[in-house]
Amino acid sequence: MTIRVVIVDDQGMVRSGFGVLLNAQPDIEVIGEAVNGEEGLRRVAELRPDVVLMDVRMPVLDGLEATRRLLADGAVDAPKVLMLTTFDLDDYVYEALRAGASGFLLKDASAAELSDAVRIVAAGDALLSPSITRRLIAEFSRLGGPRAPSRKRLAELTERETEVLGLVARGLSNGEIAARLVLAEQTVKTHFGRILMKLDLRDRPQAIVYAYEVGLVRPGD
């Protein structure tokens with residue numbers, strides 16, 4: 001199945017460069033472009049892509065607000081959003097993940113990194129580098145304390161699922177969690193899928209945000 005992509009960036013060189021690299025892949029097709037978030041929302045509504053490459057900083061409507069609006073209704077068929085940024089430790093990491101972005105990609109990414117990133121988020125996984133995860137944890141440390149009003153939904157998780165969620169929030173991959181808990185990696189994936197379903201969460205970034213906000217894990221744990 002071909003992954004359909006829309007690129008939203010105010011820099012023409014970024015749009016054209018990424019377009020050429022992605023269209024060279026047999027399983028990826030760039031079906032549209034936009035120069036700002038407002039135009040991006042219109043193009044996404046018109047074209048219904050699988051993945052949106054969204055620049056953080058743009059005129060008219062920035063990538064954060066565009067992502068919030070795009071994913072606000074929680075539609076099952078909403079595209080995955082991969083934020084484009086110049087710096088790995090962008091100030092907007094926390095807000096972008098809260099808005100529902102599935103991860104971050106540096107604008108100087110190689111062709112392989114770019115295509116792999118699109119495939120990863122299209123498959124429903126998150127693209128969070130260790131430095132991004134550390135940045136997220138640091139932001140929670142700065143904000144201090146749980147921010148969510150209730151831990152009620154946590155009670156729906158089994159003891160093992162709660163354990164897996166805690167390790168996900170610490171930035172461990174499925175493979176690392178499997179090794180830590182002496183489980184098959186597919187078993188970890190199954191547990192995490194049930195976690196998302198029970199907590200009504202979209203993906204890994206949302207699960208990490210949720211775990212910190214309810215205080216399941218705390219910075220420095």
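Which residue of β3 is the bridge partner of V5? The bridge partner of V5 in β3 is V51. This pairing belongs to a predicted model, in which local features need pLDDT of at least 70, side-chain atom pairs count only at pLDDT 80 or more, and totals for chains, interfaces and linings use all residues. Residues are numbered from 1 along each chain as its sequence is written, and side-chain values use heavy atoms, with hydrogens and water left out.

The strands form an open sheet of 5, in the order β2-β1-β3-β4-β5, with parallel pairing. Strands (E, at least two residues) and helices (H or I, at least four) are DSSP runs, numbered from the N terminus. Two strands pair if DSSP finds at least two bridges between them. The edge strands are β2 (28-34) and β5, each pairing on one side only. From one strand to the next, the twist averages 25°. Strand β1 (residues 3-8) runs parallel to β3, and 4 bridges join them.

Strand β3 (residues 51-55) is joined to β4 by 5 bridges, again parallel. Within this pair, M54 has M83 of β4 as its bridge partner. On to strand β5 (residues 103-106), β4 makes 4 bridges, and the two run parallel. There, T85 is partnered by L106 of β5.

Strand β4 (residues 80-85) is largely enclosed by the rest of the structure, because 6 of its 6 residues are buried. Buried means under 20% relative accessible area, exposed over 50%, and partly exposed in between (1.4 Å probe, protein chains only). In a regular strand the side chains alternate between the two faces of the sheet. Both faces of β4 are covered. K80, L82 and L84 are buried on one side, and V81, M83 and T85 on the other.

D55 lies in strand β3. The UniProt record, an unreviewed entry, places the feature "modified residue: 4-aspartylphosphate" at D55. UniProt positions are given in the numbering used here, feature names are shortened, and annotations may be inferred rather than shown by experiment. D55 is buried, with a relative accessible area of 4%. Leaving aside residues up to four places away in sequence, D55 touches V8, D9, D10, G63, M83, L84 and K107. Contact means heavy atoms within 4.5 Å.

Helix α1 lies across β1, β2, β3, β4 and β5, running at about 165° to β2. Axes are lines fitted to C-alpha atoms, for helices over the stretch in contact, and angles run from 0 to 180 degrees between N-to-C directions. The axes of α1 (residues 12-23) and α5 (residues 111-122) come within 10 Å and cross at roughly 75°. That makes α1 roughly perpendicular to α5. Angles of 65 to 115 degrees count as roughly perpendicular, under 35 as roughly parallel, over 145 as roughly antiparallel and the rest as oblique. F18, L21 and L22 of α1 meet A111, L114, S115 and V118 of α5.

In helix α2 (residues 37-47) sits L41. L41 and L61 are 20 residues apart in sequence and 9.7 Å apart in space, C-alpha to C-alpha. L41 touches L61, A66, R69 and L70, not counting residues up to four places away in sequence.
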